[in-house]
Amino acid sequence: MPSDHASAELLAGLSSLLVTVRDADLNLDVQGVDDVRRTRAEIADQLSDYVLPRLVQLEAPLLAVVGGSTGAGKSTLVNSLVGEPVTESGVLRPTTRSPVLVHHPDDAEWFQPDRILPDLERTLVVGNDSYGLRLASTTKIPQGLAILDAPDVDSIDQGNRELAAQLLAAADLWLFVTSAARYADQVPWDYLRQAAERSTSVAVVLDRTSDDAVLEVRGHLARMMTSRGLSDSPLFTVPEAGLDADGLLPAEAVAPMVGWLHELAADPKARHMVVNRTLDGAVRHLVMRTHDVADALDEQIAAIEQLRDEAQKTQQASLDEFEAQTSDGTLLHGEIAASWREFVGTGELLKSVEDKVSRIRGRFVEGMTGKRTRSNEVVDAIESGVRLLVVEHAESTAEKTARAWGATPAGRHLLDTNRGLERASTDLRVKADRVVHDWRQAVLELVRTEGADKRMTARFLAFGVNGIAVALMVTVFSRSAEPTAGGGTAALGRELLDAVFGDEVVDGLVDQAQADLTSRVTTLFAAEQKRFFTLLASPDDLLAQQAAVRESARQTEYARHVEFLNEEEKKT
């Protein structure tokens, strides 16, 4: 990479990668999503904490992060490398809750929150009461170098472990500290393995090692480093030694390491090579990891489609049952049946509608004087019955949908965080009342429109708009019912309609009235279903996010290759 700045293409690619990865919707609890969420967070953190800030200020001091196992003596080592006490050490665990970044006074501007680790609060106060980054300046550390004392990677405190990982991801150089007693522990080697995968610049420090054990332990540690891809990493040994009054190791014990660090600080080219290697490896590794995020969106989309499909199947089954029950005579029971029988008379069906025109006409004429007619009573009973049926199906649909969702981890989490979905919405009854009332009005208007040229006929005058509308509703509710529906009087509604309009017209009216009711209820149920669907992202949106992540990764990787080739050409 260029010695003073990164290319605009690489910065643009990484900036896009940060946005697209951070915005990737992984809200559903599908298998493996916790790991991918952590990956997403780690990618976003490393990009914002280290990679992007570093790429826009390549001339900044080299940041060496000192990390390692519990009790390895990191804080004592940092103080000894600096040459004065700058960070606290002690026997109480966990220590280093507030990590210390030590720098030369003239380098202070490089470590402001807008430069690196922007989410960590800066403080000058000594203490471990809260998580933050304490800045300490001293002229004993050369310009061009900063040393950060990180928490233990295997701390018993989860916050410390997470902070250690965050700080190591923001390092130009890892100084990984271990001891003769802890050098084979698994957790530190997990971090070192990650460093090798990312091509991070690493130096390993074997601390607190007795003279008797140093040759054996150092040899074994060196072989372990070689087998794990760290053969090029420096290995320093700090012998076990007493501390002076300031808690520092003897100067000669850390002299090789101090000399190496000071040489890096004094040599811009060598410093740049360390930073370049870490940055290039970090970008390459981040690009690789973004594909895990993009691939995970496939699982999200599959889960969304499954949940949507369950909800749609449940709703459609409920609508099908509703449509069947509004045509098979189910409604012609109870109050509706009683009011209908009272309306048409309880005797045998008429041999001819004409024989009873005058009698039925008398039932409607009362409406002309403003009295409550029996036809209105039937309509009221119909409205009540249909409204009850709508509410029952809406409640059942909500309950069944919630049950189906609850059978999956993704759906169960959504139900747990959005209480009440297993019941219909609180205003469902009011909406159902409006739907049924509007349908009644639509049926009346349908009758008025169809009977416009028949209003002066004897039959129409006998029945009236309300009476014909009642007959039409009853005919809709009994169109696929047995002849005995409604106590054997349901068929009379069809006979009345046929007498007024004729068979073909009546068929069309029945079809229109039933289709209109089904359409209105479908719209109401769709609004109820929306309570579930608003919890789900659009599959198309996730596909667009997936494509954006992959395109950002492609652009970044291409820019990285160009940058790397340019750097190699400069070396040759």
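**A tour of the cavities**

Let's begin with a lining: around the second largest cavity, the residues fall into 8 nonpolar, 3 charged and 1 polar. Keep in mind as you look around that this is a predicted model.

To see this lining, select Tyr50, Pro53, Arg54, Gln57, Ala60, Pro61, Leu63, Trp110, Phe111, Arg115, Ile116 and Asp172.

How many cavities of 30 Å³ or more does the structure hold? There are 7 of them. Such empty space shows up when a probe the size of a water molecule is rolled over the atoms.

Next stop, the largest cavity, which holds about 90 Å³ of space. Clear your selection and pick Ala311, Gln315, Ala394, Thr397, Ala398, Thr401, Phe525, Glu528, Gln529, Arg531 and Phe532, the residues that line the largest cavity. Which elements give two or more residues to this lining? They are helix H8 (268-325), helix H11 (374-406) and helix H16 (503-533), so try giving each its own color. H16 gives the most to the lining of the largest cavity, with 5 residues.

Finally, color the lining of the largest cavity by residue class: you will find 5 nonpolar, 4 polar and 2 charged residues.

Technical notes
Residues numbered from 1 in each chain as written. Predicted model: local features only at pLDDT ≥ 70, side-chain atom pairs only at ≥ 80, totals over all residues. Heavy atoms only, no water. 1 Å grid on protein atoms, 1.4 Å probe; cavity = no way out; pocket = protein on both sides within 12 Å on 5 of 7 lines; lining within 4 Å. Points joined across faces, edges and corners; volume = space filled by probe spheres on them. Helix = DSSP H or I, 4+ residues; strand = E, 2+ residues; numbered from the N terminus. Nonpolar A, V, L, I, M, F, W, Y, C, P; charged D, E, K, R; others polar.
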